[in-house]
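The following paragraphs lead the reader through one protein model, from single side chains to the overall fold. Please keep the sequence and the structure in view while reading.

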Amino acid sequence: MTQPSIYRSQTAQRERDRQGGLAWGGRSVAALDEIRELYCDVVECEERLRALQRVVAIDNTPPSVWRTLTDGLRTSLDVSAARVHLLDDTQQRVKAGLADELSGMTPVESSACQYAIRQNDILVIGDLTACDELEPVIVGGETMRSYAGAPLVTTDGHAIGVVCLLDARDHREFSNAELELLKIMARVVVSIMEEGTQADTDRHKPPATLDRDPVTGLLGRQELLGRLHQLVDADQAVRRVVGVLAVHVRRMDRITHAHGWAAANQLRWDISERLRAGLGNEEVLGHTDDRTFVVITPVDSDGDGGADHWLNVRARDLLALIRGEAFAVGGDRVQPEVGVGVAIAPRDSEYAPNLMAMADEAAAEAASRYLDRIGNPNYDDIASKRRLLALEGPLRRAVARGDFCVHYQPIVDLSRDGRVVGAEALVRWPQPDGEEPIGPDVFIPLAEELGLMDAIGRYVFETSCRQLRHWQSQPGGSGLWVSVNVSPSQLSDPNLASRFAEIAREERVSPADLKLEITEGVIDERGGTATPVIHELARVGFPLALDDFGTGHSSLARVISLPFQLLKVDRSFVWDSPNGAGAGVVSSLSQLAGYLQLASLGEGVETKEHEAFLCRCGYTYAQGYRYGKPIPAHEFAFGTNNLLAFQHRQGGSPTSDV
Ligand code: C2E
Ligand code: MG
Ligand code: MG
């Protein structure tokens, strides 16, 4: 097995020294890939996760011990930082380090420590910033370059975390003695944590402070996780399964708002009493957050789906207990909507936090349904959440580097013989050759969640202004407009209008030629908070378009009260026309637009039948693959006095990207 260049065990280190001391690092990207390939299942390995959980659950070492240890390492080795990291299958957490580092979480996908864990040996990286897949590590405002990490290996051989040194110097040399000390420190850390575990087991008593919910007196999340972990472990030996039934009470926050805390707490107490009364012999009940109760049920497994059936019966019992009779809340009778989620060990997972999260999510999902209020984990959902989590680091880096580009999709005027009068700017995140494209419908919501959308939105707006100015300077280009999508978080910036107006002024384009597209969903979600920003955008001269119209649930009265000039009817209705159920919506929305004196645009026009129907209904504009897919600006061309989507109507001379 060839060791990647980034891999440095003690032997490799000695070998390197014999050869005259080469610099660390180097082919880092290839080497990390190699480690990941060689040890691909290590991070998610359930036994490793259980070892981590076992050690963490009872570790009660005071924080001062960890501080002394990492401070000592940092000062004696003269590095920028020394830390202890613990890694589960998705997140890296700082267990010990400087006080302001302690809340830090990094997705495992983009942490250097995962590689030390995978290879279960010392890892040295000469320059962290040269490794694309790693999230930049900033300490005290400085970017860390050099890294050395030693895995924390439990007595049963699982690497659960890393003690690492970080330094702002590029390719800082770590001597044999320093790496030896790091290894010893890793052993010390594990033995401190494991000794705590051992001591507690020996004493056969629970930790001094039990984690309990103060209102109901039920076990809290940490305590319940500990119990679940023990049960899963014990029951493995005797071939039983363990069911986790999460009971999710919907709209608890509304009850709190309407009736106050005291009444909501009374309701939680009453629910806990009903559940307690219906509890079986071996079952354990807990209350993990304000609206979730959890019952853990060990079941004998006959290997024939019997356990599944039994757990379903228990889930129905729990539903019946809560939905049977209304609760008295602040003088009213309230029938809370609840759902029960069922996760089963070992089938769904053997790792307690995963089981709890799966049951939780299945319960929340089931609670939102009207008929079947019992749910199982949705594996597709879990997989897509993991994929999203893995995208966080790359997306942050792409934003830092500005790795995006803008494509444009032509918009045609139906009353002027399908002439291209404008284009919608659509952001793209190019991926390396051979990798699957990631669409804006995936990365934009994630960017919103991570607070990155302002930077992306600004980039798209600036680029679109520059492209518009270029097009407008071409013969026949003077009447063109560009549409730019505005995301929900951008609309929460009270200065958005002045910022956009400033950019348009700097780029020498008129706001009147920049339509801003706002989806109907934003108005549902942000309601009142977006309203003043929307009015201000219109006031400074940007025409506004209501995007994806027909898909939201916003009140028509509110939509009408906002200063929109164009209704963009969602493509799902156009696709379902002229013969399907969408036809009625398409024709009545055009009438509505006419009545409100707004222009109308049909999205997703793919066939001549779609186009003919929009013309019959009196639509002003159309947009869709029939006229052109979103393409880079240089694939557009100017024909006789007109911008053309080059790919569809050859001729004219291509324009350029700006
Ligand atoms: P949208 O604003 O409604 O954009 C139209 C979407 O429909 C685009 O998808 C476009 O490629 C697609 N489309 C247009 N005509 C057809 C057609 O005939 N057939 C089919 N199958 N699809 C068609 P895209 O580019 O994947 O964008 C998806 C959504 O992502 C956009 O929907 C918009 O909500 C959002 N988005 C894209 N770029 C930006 C941006 O720069 N900022 C913000 N905030 N959102 C953006
Ligand atoms: Mg749009
Ligand atoms: Mg749309």
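Is D170 buried, partly exposed or exposed? With a relative accessible area of 39%, D170 is partly exposed; buried means under 20% relative accessible area, exposed over 50%, and partly exposed in between, for a 1.4 Å probe and protein chains only. The structure is a predicted model, in which local features need pLDDT of at least 70 and side-chain atom pairs count only at pLDDT 80 or more, whereas totals for chains, interfaces and linings use all residues. Residues are numbered from 1 along each chain as its sequence is written, chains are lettered from A and ligands numbered from 1 in the order in which they are written, and side-chain values use heavy atoms, with hydrogens and water left out.

The side chain of D170 meets that of R145 in a salt bridge, at 3.5 Å from N to O. The term denotes a side-chain nitrogen of Lys or Arg within 4 Å of a carboxyl oxygen of Asp or Glu. D170 lies in the loop between β8 (159-167) and α6 (176-203), and R145 in the loop between β6 (142-143) and β7 (146-153), so the pair ties together parts that are 25 residues apart in sequence. R145 is partly exposed, at a relative accessible area of 25%.

By this rule, the count of salt bridges comes to 38. One of them joins R416 to D413, with the closest N and O atoms 3.9 Å apart. Here R416 is partly exposed at 44% relative accessibility, while D413 is buried at 7%. Another links the side chains of R499 and D493 at 2.9 Å, N to O. R499 counts as partly exposed at 40% relative accessibility, and D493 is buried with a relative accessible area of 14%.

D348 is buried, its relative accessible area being 8%. Its side chain makes a polar contact with the side chain of R347 at 3.1 Å. A polar contact is a pair of N or O atoms within 3.5 Å; within protein, one must be able to donate a hydrogen and the other to accept it, and residues adjacent in sequence count only if both atoms are side-chain atoms. Leaving out residues up to four places away in sequence, D348 touches V342, A343, L355, M358, P377 and Y379, contact meaning heavy atoms within 4.5 Å.

The interior comes next. A nonpolar core is a set of buried Ala, Val, Leu, Ile, Met, Phe, Trp, Tyr and Cys residues joined through side-chain atoms within 4.5 Å. The largest such core has 76 residues, and W471 and L491 have the most contacts inside it. Helix α14 (residues 453-472) gives the most to this core, with seven residues. Beyond its neighbours within four places in sequence, W471 is in contact with residues including Y408, A423, L480, F636 and L643. Another core, of 30 residues, lies apart from the largest one and has L52, L77, L165 and Y351 among its members.

For the protein as a whole, there are 21 helices and 26 strands; these are DSSP runs numbered from the N terminus, helices being H or I of at least four residues and strands E of at least two. Buried residues make up 50% of the 658 residues. Of the contacts with a separation of 6 or more, 66% are between residues 24 or more positions apart.
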